[in-house]
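User: I have a model open and want to learn how to read it. Where do we start?

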Amino acid sequence: MFEKSLYDLIKGLRGHKGGENEYIQSSLRECKAEIKTQDMDKKATALLKLIYLEMFGYDMSWASFHVLEVMSSAKYLQKRVGYLGAVQSFRPDTEVLMLATNLLKKDIVTSSIPNMSLPLITLPHVITPSLAMSLLPDILSRLSHSSPVVRKKTIVCLYRLALVYPEALKLAWPKIKDHLMDDQEDGSVTTAAINVVCELGWRRPHDFLPLAPRFFELLVDSGNNWMAIKIIKLFATLTPLEPRLTRKLLRPLTNIIQTTSAMSLLYECINGIIQGGILDGEDNLQERDEVATLCVGKLRGMIVMDSDPNLKYVALLALNRIVATHPTLVSMQQDVIMDCLDDADVSIRLQALELAVGMVSSDTLQPVVNRLLNQLQQASAPAAELVDTPQTSESPKVPTLWPNDYQIEVVHRILDLCSQNNYSEIVDFEWYVAVLVQLVGLLPPSESEDDWSHWKEQEAMPNLRMNTALRIGTEIRNVAVRVKGVRMEATRAAESLIFVDNRSTFFPSGSTIGDGVLGPIAWVVGEYAEYLLSPNRTLLSLIDISNASLPSTTLPLFLQAIPKVFVQVSQTSQPGDTWKSEMSLLLARVVEFLEGLAAHPDLDVQERAIEFLEVLRLAAESLTSDTQEVPFLLASVIPELFTGLELNPVATSAQSKVVLPDSLRLEEPFSHDLPGLFRNLDSPSPHESKSWETSEFYHLPELSSPNKQSRDLAPVDMQPHASYQNFTVAPVDSSTAVQRRMLERRERFKDDPFYIAPSGDSSGTSTPFHEALNTSNGEVLDIDSIPIVDLKLGDELSHVDFDRQRNRRPPVSKLVVAGDETFETSNSLADTSRPKGGDDHPTSKRSLLQVDSSSLGNLSLGNGPSPQISADEGDTEMARAMQQVEEVRLRMQRASERIQLEGTPAEGTLVKKKKKTKRHVASDRAVEDPTESAIGKKKKRKKKSQESEKPPGEN
Amino acid sequence: MINAVLVFNNNGQPRLTKFYTQLDTQTQQSLIAQIYRLVAQRPASACNFLPLPPLLSQGASSSASGPSDAPTQITYRTYATLSFIMISTSTESPLALIDLIQVFVEALDRMFENVCELDLIFGYETLHAVLGEMIVGGVVVETNIEKIIAAVRAQEGSLGKKKAVQAASTSLGRGALPGLGAWR
């Protein structure tokens, strides 16, 4: 067979453009054969090719045993290929590694440095607790190796060992500490140790506090920026524990900030000061403020001076962290931050946007929002419009087309900005209403169909990513409900949006924006119909035939609004002759619209449509009378349906604060023996003979009628088919028997709460269930004793909730904003018991790529006598491990034999194209020599029986 | 720590994948694809930080600025036809990571003498060896180019160089490689 090198493979790949997959498959087949040869050169080359193909997603997990073989090669370069194969292809479920324990031990203590490095850099990828335990002594010994290259790798390797086997850290830490404290130690080793400590630091900061002086020394004296960055990162986690540290650190850090030319170090210093909480304390205020000013100044410099987008980005990132504690300092940098809102880079814009939300005050809100609105307008406007406005020198860059998701993000941020703290920052609500109307027009048209939609599905944040359109509609509704002062404006804005002739401009055809906005808006025009400019026109828009195609979530809101607006129309126009005919006409149109929805597939829509349809038909009928006056139904009854108490906003948490009456038991089961009850119910019962005929009628459509006939006419002789017998067993029984069984059954279920006795017999007394309840409660349920909490809905405006406001001044707004209504219970229990969503378990779901270091958190380092694994424990562990190794080795051996005999698919499986390769497999099998495959099968069966003999505990 | 180092070309074809946690091949591939999509969208003038792709943002609940085990930052840098990506947790400094990528590329440049994409394709093992001298188990062990080069040379003897030269000197002349990007 022709033997290819990796070079040939790559070259061949190029020569087979278009047919790459076939080429790869054939190469994989070759590799499969080559890797089984005894020739180590061939084996290693084949493995190298497999590793290369694995990079493109071609599975090579089947070759793990061969990886081990190559790892054990005597030649270094081959060995390296083997170790690389282990790094790239071993997965948590790869078991063969246990077989390699001895090999790894041997390689770790070898004399050649490159050889020794291989296990050290490979182990972090493949380490398991048992492997860590057996290799620990050997790895520890490498800490005192003469070469710094080995020492630094060993330190890191030990860190990864400790992640899966925390005990390792107890033994390793004293030694690592020695290296860290040693002034004579090689710089690389110290840096590696610092890097490891930095990883461990945030998990167990207390253990590293004693080392602070040494870190300090390294920070000041080393002159190594890489290490300095890490030390500062480390200090940021230590300072919260030791306030005295901040005082010591302040000077050197300021010194670095003022002198260093390395931007990364400068940035990390500032970041460290922020994250370490150095700016947060109370004492020494003046110095702190100086530092804060210095930091913010430097950050401003990073944004302004350099055109480097990276610096801009990280500076904004840092400002975002400061803004919580020093909002005034940050808002002084407003000008540059605002410029970042127009930056060409989306990442920078988003950061600036976030910052804007954090620092905005009522003075700056309007300019910021207007600026963002401008941006949105530019994004949605065609390029021609930009030519008209060349004077906007602020943004000389050519505005690129922003992705829709950025535009949506901006809309969300605008809404966040304005609605934060219950609209406390908004002075001019009329302006806000106008903004909302503008936003509707600026929404990117195809929100639902762009290619980000499948990303959103994965982003499981439905609340945050609520449909933008719906959110705008909801905002308009919120303003209308909460701010009485602009209710008229809000209603008129809603009105303008709901007009049919306006809709085409706001909602381009084919987009789904309208669906979200229209629902809440329809509610507003209905609820506050008295403010409408033209109720008549609004009503006609509401009953426009095109509305019938709206989604079933929106339609009920329309339906609810129609009668409200109709009442308004009927009341505003002058009663008289024409009035009557006008109203009849209008009613006829409304009724026509409703009739169209009376058969709507959505039940909610259907129900509402039919209800109002009937009411309005009555109204239409009442108009046909000859009297001149307004019919009572129209003048009073229908309006009464919708007037009454005004609706106020209620906090979503209010319901959970309603105190449950003590006697209400929601947790207690009705019966403790549910399964038993159901079992009894399952048995066929003659009691059902009452319903027998009906059930028979429904369930045995074909048979029942002749059956019934046969029973009725001639039960004995006329039974034409034997099969009917089965069905006629019960009817053949005499009626007395039925009666008897019925009684039996009733007796049996007398105390069964699920069984309601026929009313005829129990003569109207309470059901057994009721009785059971009564007896268990001890007394008759007293409904009056359930406390009723006064909801105080009638009160005018309830308190405004300013709790969440930070150190902000009270709202400047002249208008009163109604806060959410809720209960002011002193009962804090009600608050805490409220589920907080996912916040309670932030780490419940592990992120991809995450290395779990949590096990280190509960390990105690240092002080006590350095714990040794007791000899006994170690021995038994070792014995167990050896046993496992032996088992796995056996299994692997069998598996490899099986592969040879059975001729498993010669080609590998491309993971991302599973189906395709599977077909290949099938076809390959087909061409196999039948006799061989027969043998294979036989052997396989043998294997199976062997396998089944294995002790069950093996897995 | 650094969770993964990736290198792919302008067409999204991987040139180096190194995950410091064990991850099944399929997830690796989809992660690469997602990151490639993010990188491909960005103009050259944009900053070198990527938002988290969907696969990673799922588990990252860290709204807090405090450190955690979950990867929170992706730093990338593009050189000619190749993009170098580092996925890391918050214990790494973003600006330092950009420098680290620079060190990596410079080291490769020293190893291959005027490194180009083709060198990395053929010098696949050397590429891994260089990375292995810089990052072990997700922790940076060396940033000094001299030391990195010395260690890799010690491993390979004269071999690494020879391979690259051989690759360049055979029928596929290094200078004349149209459509290099479409290579696998």
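Analyst: Start with buried area: the accessible area that two parts lose on being put together, summed over both. This is a predicted model. Between chain B and chain A the buried area is about 7,500 Å². Carbon and sulfur atoms give 59% of that area.

User: How many residues does each chain bring to the contact?

Analyst: Chain B brings 86 residues and chain A brings 85 residues.

User: How many salt bridges are counted between chain B and chain A?

Analyst: Look for a side-chain nitrogen of Lys or Arg within 4 Å of a carboxyl oxygen of Asp or Glu. The count between the two chains is 7 salt bridges. One of them joins the side chains of A:Arg80 and B:Glu125, at 3.8 Å from N to O.

User: Which element of chain B gives the largest share of the side that touches chain A?

Analyst: Helix α1 of chain B, residues 25-41, gives the largest share, with 10 residues. By residue class, the side of chain B that touches chain A divides into 41 nonpolar, 31 polar and 14 charged.

User: Now chain A by itself. How many helices and strands are there in chain A?

Analyst: Chain A has 48 helices and 0 strands. Of its 955 residues, 46% count as buried. Now check sequence separation. Among contacts in chain A with a separation of 6 or more, 71% are between residues 24 or more positions apart. The accessible surface of chain A is about 49,100 Å², and 55% of it belongs to carbon and sulfur atoms.

User: Let me try one residue. Where is A:Glu354 found, and which residues does it touch?

Analyst: A:Glu354 is found in helix α21 of chain A, residues 346-359. Leaving out residues up to four places away in sequence, A:Glu354 touches A:Asn320 and A:Arg413. A:Arg413 is 59 residues from A:Glu354 in sequence, yet the C-alpha to C-alpha distance is 7.7 Å.

User: Why does A:Glu354 count as partly exposed?

Analyst: The class lies between under 20% for buried and over 50% for exposed. A:Glu354 has 37% relative accessibility, so it counts as partly exposed.

User: And backbone angles? What is phi of B:Ala80, and where is B:Ala80 placed?

Analyst: Look for a positive phi in a residue other than glycine. Phi of B:Ala80 is near 50 degrees. B:Ala80 sits in the loop between β4 (73-79) and β5 (82-88) of chain B. B:Ala80 is exposed, with a relative accessible area of 74%.

User: Is B:Asn114 buried or exposed?

Analyst: B:Asn114 is exposed, at 60% relative accessible area. It has a positive phi of about 55 degrees although it is not a glycine. Its place is the loop between α3 (94-112) and α4 (117-122) of chain B.

How values were computed: Residues numbered from 1 in each chain as written. Chains lettered and ligands numbered in written order. Predicted model: local features only at pLDDT ≥ 70, side-chain atom pairs only at ≥ 80, totals over all residues. Heavy atoms only, no water. Contact = heavy atoms within 4.5 Å. Buried area = accessible area lost by both parts, 1.4 Å probe. Helix = DSSP H or I, 4+ residues; strand = E, 2+ residues; numbered from the N terminus. Nonpolar A, V, L, I, M, F, W, Y, C, P; charged D, E, K, R; others polar. Buried < 20%, exposed > 50% of the residue type's maximum accessible area, 1.4 Å probe, protein only. Areas by Shrake-Rupley, 256 points an atom, 1.4 Å probe, with all protein chains shown as cover.
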